[in-house]
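I opened this notebook to record what I looked up in one structure. The entries follow the order in which I worked.

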Amino acid sequence: MDLYPEVESCNNSDNSHHAISSFITAAANTSSTSPSTTSAPSRYENQKRRDWNTFGQYLKNHRPPLSLSRCSGAHVLEFLRYLDQFGKTKVHTPICPFYGHPDPPAPCPCPLRQAWGSLDALIGRLRAAYEENGWPPETNPFGARAVRLYLREVRDLQSKARGISYEKKKRKRGPTHEHHQLPSFSTFQALPLPPGDHI
């Protein structure tokens, strides 16, 4: 469904002017009757806020407690490994008979982990939230080289274990004008941390 109603083309200039005026009035009425559509944060913004709060809670529960200013890439890696206990993605071990099969025919005792796509999207949101909260990009622990290498390692390991290719798909460009789509983000459910939990 189109965001704006289509204005019919008219040969008569009065009709055309009337149609445009009606369109503008309708658009103004729509925006005035439902201001929540323009002011409500997007799903991505809501998820980013939840992820940021979850990470802040993780730092508070860390033993010893950590401040964000002392947080490094190593602490981000601890956080990602901690999240694996809440994972729902079966990652087969090399000795599993279903290793490398995307759709195993039977259950197996292999561990559940956070999917690479979820972790990658989570780090992207936290990296953005860090800078949006006034911290300088050069000290961003979510952009640390160790974090990038860890995500690449998880991607490669899960790709082999699950038999799923994570190669980037090339964007198809039409001969006319490009159609821009909003990026799709993997859903990572922020979970409340138990009090006093630590690694």
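The areas themselves come from the Shrake-Rupley method with a 1.4 Å probe, and for residues only the protein chains shown count as cover. I then looked up R152, which counts as partly exposed because its relative accessibility is 44%.

I noted the basis of the model. It is a predicted model, in which local features need pLDDT of at least 70 and side-chain atom pairs count only at pLDDT 80 or more, while totals for chains, interfaces and linings use all residues. Residues are numbered from 1 along each chain as its sequence is written, and side-chain values use heavy atoms, with hydrogens and water left out.

**Entry: overall fold.** I counted six helices and two strands in the chain. Helices (H or I, at least four residues) and strands (E, at least two) are DSSP runs, numbered from the N terminus. Along the sequence I read the pattern α-α-α-α-β-β-α-α. The chain has 199 residues, of which 29% are buried.

**Entry: nonpolar core.** I took a nonpolar core to be a set of buried Ala, Val, Leu, Ile, Met, Phe, Trp, Tyr and Cys residues joined through side-chain atoms within 4.5 Å. The largest one holds 26 residues, and F55, V76, F79, L80 and F142 touch the most other members. Two or more residues each come from α3 (43-61), α4 (73-83), α5 (116-132) and α6. Helix α5 gives the most to this core, with seven residues. In soluble globular proteins, nonpolar side chains tend to be buried together.

**Entry: salt bridges.** I applied the criterion of a side-chain nitrogen of Lys or Arg within 4 Å of a carboxyl oxygen of Asp or Glu. The structure holds four salt bridges. One of them pairs E132 with K48 at 2.7 Å, N to O. This pair links distant parts of the chain, with E132 in helix α5 and K48 in helix α3, 84 residues apart. Is K48 buried or exposed? K48 is buried, because its relative accessible area is 3%, whereas E132 is exposed at 53%.

I also found R125 and D51 in a salt bridge at 2.5 Å, N to O. R125 lies in helix α5 and D51 in helix α3, 74 residues apart. Both R125 and D51 are buried. A further bridge joins R155 and D156 at 3.3 Å, N to O. R155 is partly exposed at 28%, and D156 is partly exposed at 36%. Salt bridges that share partners join E45, K48 and E132 into one network.

**Entry: positive patch.** Which residues gather in a patch of positive charge on the surface? I found R127, R145, R148 and R152 there. Such patches are made of residues with over 30% relative accessible area and no salt bridge, with like charges joined within 9 Å and nonpolar side chains (Val, Leu, Ile, Met, Phe, Trp, Tyr) within 5 Å. Lys and Arg count as positive and Asp and Glu as negative; His and the chain ends are not counted. The place of a charge is NZ of Lys, CZ of Arg, CG of Asp or CD of Glu. Helix α6 (residues 145-162) gives the most to this patch, with three residues, and R152 is placed in helix α6.

**Entry: two prolines.** I looked up P64 in the loop between α3 and α4. A cis peptide bond joins R63 and P64, with omega about -5°. P104 is in the loop between β1 (89-90) and β2 (112-113), and P104 counts as partly exposed because its relative accessibility is 33%. P104 and R162 are 58 residues apart in sequence and 9.0 Å apart in space, C-alpha to C-alpha.

Terms used
Buried means under 20% relative accessible area, exposed over 50%, partly exposed in between (1.4 Å probe, protein chains only).
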